[in-house]
Amino acid sequence: MGGAAASALAAAGIYELADRMATAPPRVATGARPPEQHLLDGIRVVTDNDVEVLVPPLHHQVVTAKLRVDESPAALDDARQSLEEALARLEQRFEATPAGLGVTVAWGLPYFHRYVAGQAAAHLPIDRRASETRGREVRVLEDSIRFPTDPPSTRLESNDVAVLFRSDALDHIAAGAKAVFDDLDGLFDVTSIRKGFVGGGFDGGPGLPKQMAKAAGIDGADLIPHGSELFLGFTSTQKAGLGPSRIANIETLGYADVGANAYFAQGTHMHLSHLFEDLAAWYLIFDFQDRVDTTFRPRLDVPQYTRTVPQGPDDVQSAAEVVRDYARYRQIGHSGSIQPTSRLERDTVGRDGTLYPRGTAVPQRADFNTLDNPFFWTADVGRDEYVDTPAAGLHFVVFNPTSDDFRRNRLAMDGVMPNGSRLRFGTGSTGRGFNSILRTTHRQNFLVPPRVHRSFPLSEIQGR
Amino acid sequence: MKRRIATVAVVVAIGAIAVVVGAAFGSWAWGADDEPSAVATVDESGSGPPVCPRAERVSWQKLATRIKAPVYCPSWLPYPLEGRFDGVFNGQTVDPDRSYLVKFLYFDAGLPGGPQEVHVVFRGYPGNTRLPRCDNSTVEDGKVVHHFSPCFSDPKATKARFGSKLATLYTSNQGADQWHLLYAWRENGSLYSVSEHVAPPYTYGQVLHNLNRMMRTLVRVQPRNAAQS
């Protein structure tokens, strides 16, 4: 790994402040690590406005990379063994809760195409639902697209691998990143380092987003409500709004055919994107009711300055209701517009034997605020339009069963309904959720294998 | 020796300018963060009672007389604004209901760090204490969507006292006050407001500081009756 990337991995930058600004909440480990890489144990549940809220890890970091490994089976075997040993050592050192360290290794299509194309053709699960809809075979991992409200400048990335580190302690994240990307010198060319934070205000403090934005001199920071989990002021990790347990696994809801040997069962799909958030516009132009309307649904009546707005199964909007809102107000809410695709339409028994009631959320979000512009560090300053002044944004990380499932949700956010019909909005319209204050800079989809296959998946299988 | 004295004088002068500029553009965090439940009292200490500048006094007096109600003249404006009613970007409007708007604007798009804008708005609604409503109707996909909302919104829980004026800070505002922080207060059956745009060169904290200073130094100008005018 290059010296500049190594230095950036070791540096905390402005995020060092975050360690001083928030106290790590109590975490209780409940058992052994699950077979899923993306599930974290010890997530605390608090109640805010009579709504159960999951308390996410305070600090997050994503490192993306290209592989420097030769394509020969021997080189891949060595690389797989080295990475697996490094990950195993981290698991021995840190518990599998936010108090320890969560590590999720995700692989991009370029890896599957370059290194294990034959095995991928045989084992990469087929997305039954997407294949049926589109009339051709669709795999669970596809390249991301630019969505209708993405600007033409949104960069569709082609990294081989992305590793998500999550912890309440910055030094745990630094240790994890060093073990994978620094100590395993020769495996990776790091392409970007992305850092950020979330929460920190559930126990009465101002919260990390407000404190960090103020420390960075971000326009609009003073108006972030006290205790906000994220820059935009509303709690986004309420329990009912996040997919429970194994629902986002590739196999659980039956969207995909995992094949005879179910190699990727207990794995999932990860979408990673970065977007800027215009906080000054959000707080100075949108008043509280406007913010509620665009975040949840038009004319939703909640007490002034509520930060945790109930989003349980009974609060979910149907596609018909979204269309009615559009017809009446020419406006849709962010959450409301996504719910027809992100929530279960009917009671569903998953492959894990769990009954998931109608209205249950499917996506498991792991997004976090950032002051990166757009990244903490990049190998290509020009390509990524890197600037060294802080900017408010979000590194959006979400686990869905398939690329197509994420795509359906994201299209719905832009007013493309589940049946394919489009709700039409003018350019720059504020009627389409809060998209008018967001600007997406980068996107990529990844596959998250189960823990047992997390290191160079499929490379141990012969037959390329 | 003369040269040394001259150098010292220059340094002192630069220091004085820095102090003045620092005061003008300096950060001020009063009330920016917290929403205590009590009424905050702003320090009114000063060297003397504020005075409506002589050059602008006539304009404010004419306005008061025209609307037949008191108006508030600022004895201080954020740098580099001038309070002349006939400035390039300045102006006043009076509606049939006698409500008025006076604005002072500085704008320079050609500065190295990007455009700079200083914009303050003074309003009064004689005989009316209700918050005005703004028409935010839009045209979407060929349909006119009617949407009316309060022009002043997102009030801070803490009211601020400036002498006899008990003002509410509104942080999300519409119309000419969009992107502005705004103080509104009711007095003798009328509503008044002062607002300033949050934009470079001033940060949120500096705009709040400016607003507090303007509020502290407003001068009430009474209308003259017809016989006097």
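Where in chain A is the place of Gln266(A)? The place of this residue is the loop between strand E9 (256-257) and strand E10 (268-277) of chain A. The model discussed here is a predicted one.

## Residues with positive phi

Gln266(A) is not a glycine, yet its phi is positive, at about 75 degrees. The residue is buried, because 25 other C-beta atoms lie within 10 Å.

A positive phi is also found at Tyr305(A), again a residue other than glycine, with a value near 70 degrees. Tyr305(A) belongs to the loop between helix H10 (288-295) and helix H11 (319-329) of chain A. Is Tyr305(A) buried or exposed? With 12 other C-beta atoms within 10 Å, Tyr305(A) is exposed, whereas Gln266(A) is buried.

## Helix H10 of chain A

Helix H10(A) is largely enclosed by the rest of the structure, because seven of its eight residues are buried. The buried residues of H10(A) are Phe288(A), Asp290(A), Arg291(A), Val292(A), Asp293(A), Thr294(A) and Thr295(A).

Against which elements do the buried residues of H10(A) pack? They pack against helix H12 (334-342) of chain A together with strand E10 (152-162) of chain B.

## Strand E8 of chain A and its partners

Strand E8 (residues 188-197) of chain A has nine of its 10 residues buried and is therefore largely enclosed by the rest of the structure. Strand E3 (residues 59-67) of chain A pairs with E8(A) in the antiparallel sense, over nine bridges. Within E8(A), Arg194(A) is the residue opposite Val62(A).

E8(A) also pairs with strand E15 (residues 377-378) of chain A, in the antiparallel sense and over two bridges. Here Thr378(A) of E15(A) stands opposite Ser192(A).

## Contact between the chains

How many residues of chain A are in contact with chain B? On the chain A side there are 16 residues, in contact with 16 residues of chain B. Helix H9 (residues 279-284) of chain A supplies the largest share of the chain A side, namely three residues.

## Nonpolar cores

The largest nonpolar core holds 81 residues, and those touching the most other members are Leu279(A), Tyr183(B) and Ala184(B). Helix H3 (residues 204-216) of chain B provides the largest share of this core, six residues. Apart from this core lies another, of 70 residues, which includes Ala65(A), Leu109(A), Ala379(A) and Val398(A).

Leaving aside residues up to four places away in sequence, Leu279(A) touches Ala213(A), Ile218(A), Asp219(A), Gly220(A), Ala221(A), Phe231(A) and Ala392(A).

## Cis peptide bonds in chain B

Tyr79(B) and Pro80(B) are joined by a cis peptide bond, with omega at about 5 degrees. Pro80(B) lies in the loop between strand E2 (71-74) and strand E3 (91-94) of chain B.

A cis peptide bond also runs from Pro200(B) to Pro201(B), where omega is near 15 degrees.

Definitions and conventions:
Residues numbered from 1 in each chain as written. Chains lettered and ligands numbered in written order. Predicted model: local features only at pLDDT ≥ 70, side-chain atom pairs only at ≥ 80, totals over all residues. Buried ≥ 20, exposed ≤ 12 C-beta atoms within 10 Å, placed from the backbone. Helix = DSSP H or I, 4+ residues; strand = E, 2+ residues; numbered from the N terminus. Pairing = 2+ DSSP bridges. Contact = placed C-beta atoms within 7 Å. Core = buried A, V, L, I, M, F, W, Y, C linked by C-beta atoms within 7 Å.
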